[in-house]
Amino acid sequence: MSKRVALLGMPNTGKSTLFNRLTGASARTGNWPGLTVELLAAKLPLGTDLVELVDLPGFYDLHGMTEDEHVVRRFLERVPLDFLVIVLNAAQIDRQINLLLQVKALGVPMLAVLNMSDEAKRFGVNIDTARLSTALGFPVLEVSARRAEGLDVLRQAIADGLRVSNKVSQAELALRLAPDETVQDEADALLRMTVKSPRELSDGMSARLDHVLLHPLWGLPIFFLSLFLLFQFIFTVGAPLQDAVANLLNLLRDAIVQPVAHVLPPFGEGLLIGGVYDGVATVASFLPIIALFFIVMSAVEDSGYLARAAFLVDGFMARIGLDGRGFVLHLFGMGCNVPAVMGTRVMRSPALRALTMLVLPFALCAARLQVFLFLIAALFAPAQAALVLFSLYVLSLLAAVLTAAVFKRRYHAVEPVILELPPYRLPQVGSMFKSAWNEISGFLRRATQFIVVGVVAIWLLTHLPWGVEPSSPASFAGQLSQSVGFIFAPLGFDALLGVALLFGFVAKEIVLGGLAVLYRVQEDGLTQAVQLHMDWVQAYSFMLFTLLYTPCVSTLAAIQAEGKSWRLTLTSVLWSVGLAYAVSFAFYQVARGLGY
Amino acid sequence: MGAVSMKLSCLRCGELASVTCVEGDACFVRRLQALGVHPGRAVNVVRRAAFNGPLHLRVGSTEFFLRAREADAISVQSPA
């Protein structure tokens, strides 16, 4: 049986970087008995043992009351453990040592890692590790996870620690978790003995950067300008990549998939090529853009600027009943709304969580981005492209603000907002790509079934009843579009667009693949088909509707799972559909009225 | 030279003061303690965000922000 080691520590200690360094690419997320969240774990050989290393969520206080702190306690109570590794940010040992002492009181064999020891030296913090280790009675190791320094010594120390077997039983551990005695005096005594640091510390570079980036006047304009430039970058670099992938997938279809599928009867061949392959290929061609988005996002997060963004907007967010964390979650929601909705767990107040969950689905997610990138490329001049996209981002923020303003009375909450501002750090290329890979594979895992089922359903609707002219008024899709056509006509959508939107409820990813099937074209022909079927006013109206209307099924499932309130979930659907209809209607009618 | 007692939210930017008392529910007090804010520690208001936004604080080498309302719950003594 393999031995189990848990990695724990406060947020912003570089714990995850260390976990990645120790485990390489072998980590998997998994469910644990009795825990509501997935934790990252990996097996690695240490000494003579195969060891399972588990990365626990970052937390401040072993006896604290946040969701993450409950998770850590439940994990310690329920999952048998052989060894603990606590990670401290060496520069912040003055306050993190309290957590170390709380964990030590559990009596589980352990060691402490002083990470970011290079940063500590820059701050002028000097730690006598030998003395600290003697006083604590277990190894204390200096490591730099970013620079991969001290890792071999750490592996050896864990292996040595595992050889001494004095496992604590789960019942015993639960008892030891219960008492909550202050460790402040012990911490102060230890610090006096082993740590020398200047009275007030500041890392000069971060202070100088903050002076500019958090400037009361320029801070916000700089933030929005950088956001705009990042989107411009993603668009400029991503579009050619997207074309390349689409071409490759078309080559693959003609060279391999088509000949193979030819053995099937015509109906099966059509379903496979026209439904499954073309639908999925359409979606796949947008993966480069999604990857770029997450690479940029993870770089911004690693740099420490994301927390600054929360600082800059918190004053404003407080006014609409939300907080800076909600804004950061909103930025995450631009990847996918689902993890953002799940991220509201950091908030304790149910009302604040509910309000944030109503707002988050308006974050312009990667799935919607796909639809927009395509339509913008098809119907707008390259010079206008970034501006049109930016306008949609601005509108998504306005919709979020409006939603908060409308619902803040019903979901009124007061919760202290305390957020760390870590020093600025250079993002690491490795972790940027790793995060992009994690997000994309997660996106594919979550979305693939939805996409395949969705495009196949659309293909069937357009090709049944048996023998019907595909997509003709006699097909199921044609009948459906005639019956819903009158609803969408005032928004400028033709009946087929209306059907694509109906399917978009399952997943916004399907809208494009669905359009390709509905227009009976392949991915490379969709541009022309779209240009034939709509002008820019219709396209913008369609994009507005896609931006605002009902969260996809996965997001709704997340809202229901997190909020546990049908009323909240239903509110989310009805409010967003109503808003989408009103906004598209207003835009289309006004634009046409003005003669466009 | 008498020390002046005041709320943290009244401290001027750049001024260093010593924490005397943190009020509020247990959860709030614990979180601040975990960030290093407890009686006896020196705290510095680095800046305030525009539009009555949050306060940027520094305690030791830890920087974080909290809202003015929460900063009201922290009493400090500034060397006048």
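Helices (H or I, at least four residues) and strands (E, at least two) are DSSP runs, numbered from the N terminus. This is a predicted model, in which local features need pLDDT of at least 70 and side-chain atom pairs count only at pLDDT 80 or more, while totals for chains, interfaces and linings use all residues. Residues are numbered from 1 along each chain as its sequence is written, chains are lettered from A and ligands numbered from 1 in the order in which they are written, and side-chain values use heavy atoms, with hydrogens and water left out.

**Extent of the interface**

- Chain A contributes 45 residues to the contact and chain B 37 residues, where contact means heavy atoms within 4.5 Å.
- About 3500 Å² is buried between chain B and chain A, with carbon and sulfur atoms giving 55%; buried area is the accessible area (1.4 Å probe) that two parts lose on being put together, summed over both.
- Of the area that chain B buries against chain A, 21% comes from Arg30(B), Phe65(B) and Arg67(B), more than from any other three residues.

**Polar and charged pairs**

- Between chain B and chain A, 12 residue pairs are in polar contact, both residues being at pLDDT 80 or more. A polar contact is a pair of N or O atoms within 3.5 Å; within protein, one must be able to donate a hydrogen and the other to accept it, and residues adjacent in sequence count only if both atoms are side-chain atoms.
- The interface of chain B and chain A has 4 salt bridges, each defined as a side-chain nitrogen of Lys or Arg within 4 Å of a carboxyl oxygen of Asp or Glu.
- Arg41(B) and Asp94(A) form a salt bridge through their side chains, at 2.9 Å from N to O.
- Arg31(B) pairs with Glu69(A) in a salt bridge whose closest N and O atoms are 3.6 Å apart. Arg31(B) belongs to helix H1 of chain B and Glu69(A) to helix H2 (residues 67–78) of chain A, so this pair joins two chains.

**Strand pairing between chains**

- Strand S10 (residues 418–420) of chain A and S5(B) run antiparallel and are joined by 3 bridges; two strands pair if DSSP finds at least two bridges between them.
- Leu419(A) has Phe65(B) as its bridge partner in S5(B).

**Confidence in chain B**

- Chain B has a mean pLDDT of 86, with 96% of its residues at 70 or more; pLDDT is the predictor's confidence in each residue, from 0 to 100.
- Within chain B, confidence is highest in S4(B), at 91, and lowest in strand S1 (residues 3–7), at a mean of 83.

**Backbone geometry in chain A**

- Leu464(A) and Pro465(A) are joined by a cis peptide bond, with omega about 0 degrees. Pro465(A) sits in the loop between helix H19 (429–463) and helix H20 (476–488) of chain A.
- Asn12(A), a residue other than glycine, has a positive phi near 65 degrees. The loop between strand S1 (3–9) and helix H1 (15–23) of chain A holds Asn12(A).
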